[in-house]
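Here is a short tour for anyone who likes to keep a structure open on the screen while reading. Please load the view below and follow along, strand by strand and helix by helix.

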Amino acid sequence: MADYIYTMEIRLTPDQQRGITLVQDIARAAEMNIYLTGGAVRDIISGFPIRDLDFTVQGNPLKLQKDLERAGAIVSSTDEDLKAIYLVLPGKVRAEISPARTERYEKVGKPPIVAPSTIIEDLRRRDFTVNAMALSLNPGSRGLLMDPFNGSADIESKLLRTLHNYAFVEDPSRLIRATRFAARFHWPLEERTEARYRSAKENNYIDHINHRAIGVEIEQLAYEDDPLHIVRSLEKEDWLKVLNPHWTTAKVDTVGLSQLVKTRQQMNELGYTPDPSPAVLYFLTSKLSDKDVADIRKAIPRKDLVEAWKDLEDNAKDLAKRLAGKEAATPSRTWKLLSEARPEMTLFLAVTSKQQAVEQKIKNFFTKWRQVQQKIPLPEMTELYITPQLPEYSKIANDVFMLLLDGRLRSRTETLKFLKPLAPPPPPPPPPPKRGRAAKAAAAGAQATPAPTAVAGKTGKKGKAVPAAAPAVVPPPPKPSKPPAVAKPAKSVAKPAKSVPKKPAPKKKPAKPAPKSKAKKRKR
């Protein structure tokens, strides 16, 4: 269990991790068991890019809609029949929340009869084994993998296997899905699955596909990393005309689509994460009639994707107009304008712009101007104490970059001349280390000059004491500002202990006078 917790942490992006935490907390507050299911689990285990998050709850997800919106999620659309919610979590993370359910098909092409169920029964109704796995997000079992059909083994073997014999009969859209997965992952169909696939195709079960499934499959094309390869694979199996009768690869702007994929990869390397899905649909349908485009838009379930697709050209034209005007008259102004613009608009305009000036500015934004950032003298800024810890550091660095872009700072000397007045005062020197009384006394004793002393037991001529010989090493002379340490002996040696009282000196007795008789005799 701990292995899959760790796998989730290293495979999911920070925005996806925050999205999972947000949804699981709301589901727990509503006392619903919640699981990460479907393609998200498949991509976590297989190592492929995680495109979106699929959640399954044991309950009605529509009850969570208001709480999700309060938490910052945007609800794109809802499916009242399946009680599913399509939403965009903070950080532009696409997600879907569905109830755990069973699906019973009474007739080919008819909508299934849906009933609530457990998570294991919900996994049983799915299309392929690699999609029939779930990771628990509940307390006490978080990270527990439920894989009742051994989908992880098929991921390791790189095979697509249906769960039961009637998978393509019950839901003919699985024929399109099998082709799309095989083209994306470059995985073959398992032998029995391949036989059922060919049989369903020969019997024209695809004629019974419902309108909602068509819209879902069209939408999925917008999120493919290599949509042109997927479209060609669908056309080879005659599935592209199922999505729209007039849709062929000849109706696709292949040059623009290839350039879009290339530019998107370049922006990703620079740290930008544009959503290319509206532009992908634009190039996939660029040569279709207006009626066909309108029909495709009507079929797509995510209406926010449709609106972004509709507004794509108008927003790009507005950005191109601003780039050609006074607002982008200098390199610094152009940099600021493109930095603040939506990356989706910059991506689309970089591919579709017909104005040479606009095209050159976008090209400089991605290449030439970024090299100017290397001219910022970071070591010299550190010497001037202009470091990231300084509150004004970001503004100072940006001002230097803007001046370098416009050519107003042409050399390192000019740059340093601009930076010096902005440098903060140097930090004060550190305080001297504190020293104890014993250390001070030892230092004072070391600096003192020792006085000459007499050698005990030795006397010179006339009984005088002979002074001791001078030491071999002459100590340094005392500082002139202070008296020599010999004049002040240590107090601790001079002072007697306070606890021992001084004894008074004994009094001397007066001498007795001589007897008088003896004094008289001497006089005689």
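Let's start with strand β2, which is covered on both faces: Leu53, Phe55 and Val57 on one side and Asp54 and Thr56 on the other are all buried. Buried here means under 20% relative accessible area, exposed means over 50%, and partly exposed lies in between, with a 1.4 Å probe and protein chains only. Five of the five residues of β2 (residues 53–57) are buried, so the strand is largely enclosed by the rest of the structure. Strands (E, at least two residues) and helices (H or I, at least four) are DSSP runs, numbered from the N terminus.

Before going further, a word on the source: this is a predicted model, in which local features need pLDDT of at least 70 and side-chain atom pairs count only at pLDDT 80 or more, while totals for chains, interfaces and linings use all residues. Residues are numbered from 1 along each chain as its sequence is written, and side-chain values use heavy atoms, leaving out hydrogens and water.

Which strands pair with β2? Strand β1 (residues 34–37) pairs with β2 in the antiparallel sense over four bridges, and Leu36 stands opposite Phe55 in β2. Strands count as paired if DSSP finds at least two bridges between them. β2 is also joined to β5 by five bridges, and these two strands run parallel. There, Phe55 stands opposite Ile97 in β5.

Strand β4 (residues 84–89) is another enclosed element: six of its six residues are buried, so β4 is largely enclosed by the rest of the structure. In a regular strand the side chains alternate between the two faces of the sheet. In β4, Ala84, Tyr86 and Val88 point one way, Ile85, Leu87 and Leu89 point the other way, and all are buried.

β4 has antiparallel partners too. Strand β3 (residues 74–79) pairs with β4 over five bridges in the antiparallel sense, with Val75 opposite Leu87. These two strands form a hairpin with four residues between them, and Lys83 in the turn has a positive phi of about 60 degrees. β4 and strand β5 (residues 93–99) run antiparallel and are joined by five bridges, with Ile85 opposite Ile97. This hairpin has three residues between its strands, and Gly91 in the turn has a positive phi of about 95 degrees.

**Two loop residues with positive phi**

Lys158 is not a glycine, yet has a positive phi of about 60 degrees. Lys158 sits in the loop between α6 (151–157) and α7 (167–170) and is partly exposed at 49% relative accessibility. Asp238, also not a glycine, has a positive phi of about 70 degrees. Its place is the loop between α11 (227–236) and α12 (240–243), where Asp238 is partly exposed at 40% relative accessibility.

**Two helices side by side**

How do helices α14 and α19 lie relative to each other? The axes of α14 (residues 277–284) and α19 (residues 343–352) come within 9 Å and cross at roughly 30 degrees. The axes are lines fitted to C-alpha atoms over the stretch in contact, and angles run from 0 to 180 degrees between N-to-C directions. The two helices are therefore roughly parallel to each other, a label for angles under 35 degrees.

Ala279, Tyr282 and Phe283 in α14 meet Phe348, Val351 and Thr352 in α19, where contact means heavy atoms within 4.5 Å. By class, this contact has five nonpolar, one polar and no charged residues. Ala, Val, Leu, Ile, Met, Phe, Trp, Tyr, Cys and Pro count as nonpolar, Asp, Glu, Lys and Arg as charged, and the others, Gly among them, as polar.

**Salt bridges**

A salt bridge is a side-chain nitrogen of Lys or Arg within 4 Å of a carboxyl oxygen of Asp or Glu. By this rule the count comes to 32 salt bridges. The table shows three of them.

| Pair | N to O distance | Relative accessible area |
|---|---|---|
| Arg42 and Asp43 | 3.1 Å | Arg42 5%, Asp43 2% |
| Arg322 and Glu327 | 2.8 Å | Arg322 32%, Glu327 39% |
| Lys395 and Asp399 | 2.9 Å | Lys395 58%, Asp399 26% |

Arg42 is buried, and Asp43 is buried as well. Lys395 is exposed, whereas Asp399 is partly exposed. Lys395 and Asp399 both lie in helix α23 (residues 393–405), four residues apart, about one turn of the helix.

Salt bridges also link Arg51, Asp127, Asp171, Arg174, Arg177, Arg180, Arg184, Glu217 and Glu224 in a network.

Technical notes. Parallel < 35°, antiparallel > 145°, perpendicular 65-115°, else oblique.
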